[in-house]
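Me: I am new to this structure and would like to go through it step by step. Could you show it to me?

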Amino acid sequence: MVLHVSDTASHRRDQIANLAELLRNRPVCQSLVRQVYFGKKREKSVPFLAKKLGISTKRITEIGKPLVNSFFGSERGRENGKVVTFYVKENSVRDNLRQILKLANNRKKFDAYHTKTNPKIKISGTMIKLTIPFKPRARSISVDDVKEFAKVCSVNGTSAKLVPARLPEKTVKRGLINILGEEMDPKDWGGESNDIFTTRITVAGRRRRGAFALKGPAKTGPLVPGMMGKNGDQIQRLFTSPAQVFFVQYEGEIKENIVHQMGQLALAKASTEREVFYGVIDLKDTYRLRFAYPRAFR
């Protein structure tokens, strides 16, 4: 099976760089690849290529073996009454061959070629410019968008008051961990980046890594950024977690500046994760979770 150069921009650039690396300092391999793709013929036989390059068919096979499934396919067929091997062009490699060869033969251009796995950072004065080969996306979500919280969709509102009105933070933490299917986290400490980290949260049809920051009843009144941690930096620390889904939970009102700050940090995080999801779980949504999963919060 031939390694296809993906149409997705970031993957295509990674694969172009990988193919260029295979040809670096290998002029004979480059000559074989050029000859396979020269002209309009879809496939060329090993004897034909050997004659064109002035080397033996055995040597062509030796050179071509590590290139099969990367640069071209391999088929058996008849030529002049004999069964021989044919090397078959791959459209996606053909379309990018000029770029691949250019990078293979120019170390400076190869080193400057940014990819998803090798982004290029330029620092000028106090400004840092990060070039990434894809458009980062940050999307606001709610508990309704999480597969593991699916039962909340049947709870539209919670007019009844729950007892207690606000759960201790450790109880909320235990409840969320139970719903997510994780084991209980170690005891909290002041320098943590999150209160819950999970690899079992499903958003937009895919299992992802998630991080939660929880604020318990020790805090009162509407939640604002200054109430998030001793230095007001808990949201920033939350987004240092190696996650793609981020939630702030508080059994009370969460002010819009919390959401705004999360959105800005999510967009920055998306420069490495490509797509990041963020949201808040306020009083109403916490109650909905408690109604939908009463056993989890016991």
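Me: What should I know about the model before we start?
Reply: This is a predicted model, in which local features need pLDDT of at least 70 and side-chain atom pairs count only at pLDDT 80 or more, while totals for chains, interfaces and linings use all residues. Residues are numbered from 1 along each chain as its sequence is written, and side-chain values use heavy atoms, with hydrogens and water left out.

Me: How many helices and strands does the protein chain have?
Reply: The protein chain has 10 helices and 10 strands. Helices (H or I, at least four residues) and strands (E, at least two) are DSSP runs, numbered from the N terminus.

Me: And what share of the residues is buried?
Reply: Of the 298 residues in the protein chain, 47% are buried. Buried means under 20% relative accessible area, exposed means over 50%, and partly exposed is in between, using a 1.4 Å probe and protein chains only.

Me: What is the accessible surface of the chain?
Reply: The accessible surface of the protein chain is about 16700 Å², and 51% of that belongs to carbon and sulfur atoms. Such areas come from the Shrake-Rupley method with a 1.4 Å probe; for residues, only the protein chains shown count as cover.

Me: What share of the contacts comes from residues 24 or more positions apart?
Reply: Among contacts in the protein chain with a separation of 6 or more, 65% are between residues 24 or more positions apart. A contact means heavy atoms within 4.5 Å.

Me: Let us turn to the strands. Is E9 buried or exposed?
Reply: Strand E9 (residues 245-250) is mostly covered, with 6 of its 6 residues buried. Val245, Phe247 and Gln249 point one way, Phe246, Val248 and Tyr250 point the other way, and all are buried.

Me: Which strands does E9 pair with?
Reply: Strand E8 (residues 206-215) runs parallel to E9 and is joined to it by 6 bridges. E9 is also joined to strand E10 (residues 275-281) by 5 bridges, again in parallel. Two strands pair if DSSP finds at least two bridges between them.

Me: What are the bridge partners of Phe247?
Reply: Phe247 is the partner of Phe212, and in E10 Phe247 is partnered by Gly279.

Me: Why is E10 described as largely enclosed?
Reply: E10 is largely enclosed by the rest of the structure because 7 of its 7 residues are buried. On one side these are Glu275, Phe277, Gly279 and Ile281, and on the other Val276, Tyr278 and Val280. E10 also pairs with strand E6 (residues 137-140) in the parallel sense over 4 bridges, where Arg137 has Glu275 as its partner.

Me: In which sense do E7 and E8 pair?
Reply: Strand E7 (residues 196-203) and E8 pair in the antiparallel sense over 6 bridges. Thr202 has Arg207 of E8 as its bridge partner. The hairpin of E7 and E8 has 2 residues between the strands, and Ala204 takes a positive phi near 55 degrees there.

Me: Where else is there a positive phi in a residue other than glycine?
Reply: Arg274 has a positive phi near 75 degrees. Arg274 lies in the loop between helix H9 (256-273) and E10. Its relative accessibility is 27%, so Arg274 counts as partly exposed.

Me: Changing topic, what is the volume of the second largest pocket?
Reply: The second largest pocket has a volume of about 180 Å³. On a 1 Å grid over the protein atoms alone, a pocket is an open set of points where a 1.4 Å probe fits, with protein on both sides within 12 Å along at least five of seven lines; lining residues have an atom within 4 Å of a point. Grid points are joined across faces, edges and corners, and a volume is the space filled by probe spheres set on the points.

Me: Which residues line that second largest pocket?
Reply: The lining consists of Arg34, Tyr37, Phe38, Arg94, Leu97, Arg98 and Leu101. Helix H2 (27-37) and helix H5 (91-104) each supply at least two lining residues, and H5 gives the most, with 4 residues.

Me: Finally, is Arg24 buried or exposed?
Reply: Arg24 counts as buried because its relative accessibility is 19%. Arg24 lies in the loop between helix H1 (9-23) and H2. Leaving aside neighbours within four places in sequence, Arg24 is in contact with Ala104, Arg107 and Phe110.
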